[in-house]
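Here is a short briefing for a first look. Please keep the sequence and the 3D view at hand.

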Amino acid sequence: MNDFKHFHPAWHHTLNVIVVSLAFITVGVLWILRNLGVVDPTLFSIIVSWQMLLILWGVVQFIKQHYIGGVILIVTGGYFLLPLLTDIDQEWIHTFWPGIFILVGFLILFKKRKYRHHWGGDRYKGKERLEQCVTVDGFVQSEVSFGGVHQIVLDPVFKGAKIDNSFGSTVLDLRKTTLAAPETYIDIECSFGSVELLIPPHWNVIVETDTTFSGSSDKRRSPVDNQIDFDHKLIIRGDISFSGLEIKS
């Protein structure tokens, strides 16, 4: 059973390629036009800025339904872009930038309430970790924002996982379970966070993630007698942006 086998849509990869390509093309064209005197240098410095990069990537995250990360990036970029577009001075930023923390707090509170409702109201009341990470019949569904979760899978058979991580830390321990299906999938959507997977060294792991300003590494020790289980595959897919994926044993 893997109800989320096709969770990672192909258009996520296409979207990443399109956005990155268009960003480079746009910057190059604007740079040439600036050198030719067609584009005002001030306008160029606004468009080609770290603030606009945050806004652009926030829009991408929002399209991917990473709403908290997307909103935070867009608001942060727009906030620090305002003094470049208006008569507001830098004192305004020094005075009101903590407002971003207030916004983040409300977003976390809203998402927490929504997640609790999604998993059945007060069913998990008082069990904060179960609101973030749930295992049902060997399938793990984890959602973390600005927090951390450490989940050990004790089911006899691991049937897959869906991990959604924004500005958080997720640790999934699979060393006490086994694989039964020829192919088992872990779908990861991670932005500005970290995912650590603890996997037995003899498992055959294939990483097919799309990474943007991120990294992934398999640090497992070599299996005893180099016996790898080629009859079963654990396939790790998804999008990892400004994050890290580590596989350990």
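How many aromatic pairs does a search of the whole structure find? The search finds 3. This is a predicted model: local features need pLDDT of at least 70, side-chain atom pairs count only at pLDDT 80 or more, and totals for chains, interfaces and linings use all residues. Residues are numbered from 1 along each chain as its sequence is written, and side-chain values use heavy atoms, with hydrogens and water left out.

**Aromatic pairs**
- Rings of Phe, Tyr and Trp (its six-membered ring) pair if their centres lie within 6.5 Å; planes under 30 degrees apart count as stacked, over 60 as edge-to-face and the rest as tilted.
- W50 and F80 have ring centres 5.7 Å apart and planes at 50°, so this pair is tilted.
- W50 lies in helix α3 and F80 in helix α4, so the pair ties together parts 30 residues apart in sequence. Helices (H or I, at least four residues) and strands (E, at least two) are DSSP runs, numbered from the N terminus.
- Y79 and F80 pair edge-to-face, at 5.5 Å centre to centre and 75° between the planes.
- W50, Y79 and F80 form one aromatic cluster.

**Open sheet**
- 5 strands form an open sheet with parallel pairing, in the order β3-β5-β7-β11-β9. Two strands pair if DSSP finds at least two bridges between them.
- β3 (148-152) and β9 (215-218) stand at the edges, each with a single partner strand, so one side of each has no neighbour in the sheet.
- β7 and β11 run parallel and are joined by 5 bridges.
- L197 has I247 in β11 as its bridge partner.
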